Amino acid sequence: MALNLRHKQSECIIQMLNLNQPLNANETQTLYKMLIYDDFCKKIIDPLMSVKDLLKHGVTLNSPIDKKLLTNKTKRDDVPDVAVYFVQPTESNINKIVADASTSPCVHFHLNFSSSIPRTLLHRLASQTLSSGSTGRIAKVHDQYLEFVSLEDNLFSLSQPFVYLQLNDPSEGEREEVIEKVANGLFCVLATLGVVPVIKCPRGGPAETVAVSLDKKLRDHTNLFNEGGSGFTQRPLLCVFDRNFELSVGIQHDFRYKPLVHDVLGSKLVGSSDPFMSENGSLEFPQVAEEIETQLNMYKKDVEEIKMRTGGDETDLIGNTKHLMNAVDSLPEMTARKEVIEKHTNIATMLLGEIKERSLDVFTEEEHVMMKGGGSIDMSELLAVLNEKGTKMDKLRFAIVYLLSLKTINQDEVEAVEAALHEAEVDTTAFQYVKKIKSFNLSLTGSADSASSSNIVDWAEKLYGQSISAVTAGVKNLLPSDQQLAVARTVEALAKGQPNQETDSYLMLDPGASKTGSSGSSHVKGPFREAIVFMVGGGNYIEYNSLQERSQRQEVVKNVIYGATEILTGSEFVQQLALLGQKMGLRETR
């Protein structure tokens, strides 16, 4: 059975709500309780459980930890006797729990920490509840190891912002603390999955530091894992990378549906429980528009069929009654379908407006050409793009991708690009920073078939005026379906475990091996059928989609879980680059 991180985390949350008792299918009596959380743990719960789901598991009240549990209008009988806390193990949260235990109407407190609570805070909790006389209210204390957010079955975020900035800032003095926090989040992911992986990463840099720290944590906590280390026959591969491994992917535009929605409209619309998004998120925008139309036509057809069946002969009361009952039974499903179609019709309409206003199809296609050809783009064409439509951020991202695509830097051409940015009143601090560190970037090229030159905007405007077949010829594939990202190629090579010039130098750690053995050697060489890919410094939906598409086609890895310190849009990542440029004293010059 393939690893499913979202399912595993959901099971852990449900068990936590069941007061950490094994779930009993024959249990009919529900114990009602209050759920109390902090901001971070609310992020964990939101993608997994709705208010209806919480109620199903006995949660009649839920509240942020900062909110007073009892107000003047709250009746004592409205508050359950049991309070389930789900919070990060911080000094602030401990103080709030102690205060609640002294004054709350709840009788029994079940404390669940998102990761392991430090011994100092545990002693603080014990001593303060003892002083307040509320020790008897603390029923249980549990380390849950759930300090990550499952966005989809195979996608997670540690929800740790600005890690790239912190690890690349020359003035940052707390890198070890940042690395420890990242390793701790990854440890929580593995503890939830219940697997001890074989770890591979490039040598040097944050990826290796995180991997080594994680290796030590796993060796020190073998009691948390049931598979007995190296004896587990289906152990996955964990590949740890640093964002600098393929910097351009975090910046470039993309024309596939999910990356486009995330980049243009914001992450809130990329829902993990959205069936249409799950099914079509990796398709390019025109294919999604076609699918929306197909779904709409199917819905209309089904509605007409229901109308015909329920209309019938009035003398056939039994038949009519049966059809009416069937129609009523199908109403929730039909309503849900209608809501999904309407939602994605609205999203597609908003996207189309942005695409047309900002020429996003042009930026996407030209960036792909640059990355494919190693910067071999006609300068007049490049400058024309910078002088036409697009926001200032679109133009800045486009210029940075151009810079990253270069194999050699032509100073005159780069200065011409900078002049075009200045003409458009674009702050070039991020561009200056990337130019400064250009020599340190690795694996910035990709390979793919040539892109279609068809104009998607012209086609999309005609979508509802003509039949699909009449307007989609030659337009479906604005970009190749697989951009052959460096991270996808590298993961496949690492999973095979065969000699490879690009990956032979990678560090391999086996935390499942004997503690007396060398941590840098392992008898587990591969091939690996499952892989966990983690990006230190921020990931994105472009990389996630590429890995999922690759896993569906390759012979070795059949399941890939992708995660990162945070999931970023191109604009959010460029903002971190600009901050780094400012910290290095790089200012735009005119």
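**Notes on the predicted model**

1. Overall picture first. Of the 590 residues in the chain, 52% are buried. Keep in mind that this is a predicted model. The fold is built from 22 helices and twelve strands. Looking at contacts between residues at least 6 apart in sequence, 82% of them join residues at least 24 apart.

2. Strand E1 is worth a look. E1 covers residues 33-37, and five of its five residues are buried, so the strand is largely enclosed by the rest of the structure. Side chains in a regular strand alternate between the two faces of the sheet. Here, Lys-33, Leu-35 and Tyr-37 point one way, while Met-34 and Ile-36 point the other way. Note that Lys-33 is among the buried residues too.

3. What does E1 pair with? Strand E2 (residues 59-64) runs parallel to E1 and is joined to it by five bridges. Strand E3 (residues 82-87) also pairs with E1 in the parallel sense, again over five bridges. Met-34 is a handy residue for tracing both pairings: its bridge partner in E2 is Leu-61, and its bridge partner in E3 is Ala-83.

4. Next, Glu-530, which sits in strand E11 (residues 530-536). Is Glu-530 buried or exposed? Its relative accessibility is 13%, and the cut-off for buried is under 20%, so Glu-530 counts as buried. A polar atom of the Glu-530 side chain lies 2.7 Å from the backbone nitrogen of Leu-3. The C-alpha atom of Glu-530 is also 8.3 Å from that of Ala-495, and these two residues are 35 apart along the chain.

5. On to the aromatics: the structure holds twelve aromatic pairs. One of them is Phe-241 with Phe-245, a tilted pair with 4.8 Å from centre to centre and 40 degrees between the planes. Phe-241 and Phe-245 are both buried.

6. Tyr-257 and Phe-276 are both buried.

7. Which residues do ring pairs link into a cluster? They are Tyr-145, Phe-187 and Phe-225.

Key
Residues are numbered from 1 along each chain as its sequence is written. This is a predicted model: local features need pLDDT of at least 70, side-chain atom pairs count only at pLDDT 80 or more; totals for chains, interfaces and linings use all residues. Side-chain values use heavy atoms; hydrogens and water are left out. Buried means under 20% relative accessible area, exposed over 50%, partly exposed in between (1.4 Å probe, protein chains only). Helices (H or I, at least four residues) and strands (E, at least two) are DSSP runs, numbered from the N terminus. Two strands pair if DSSP finds at least two bridges between them. A polar contact is a pair of N or O atoms within 3.5 Å; within protein, one must be able to donate a hydrogen and the other to accept it, and residues adjacent in sequence count only if both atoms are side-chain atoms. Contact means heavy atoms within 4.5 Å. Rings of Phe, Tyr and Trp (its six-membered ring) pair if their centres lie within 6.5 Å; planes under 30 degrees apart count as stacked, over 60 as edge-to-face and the rest as tilted.
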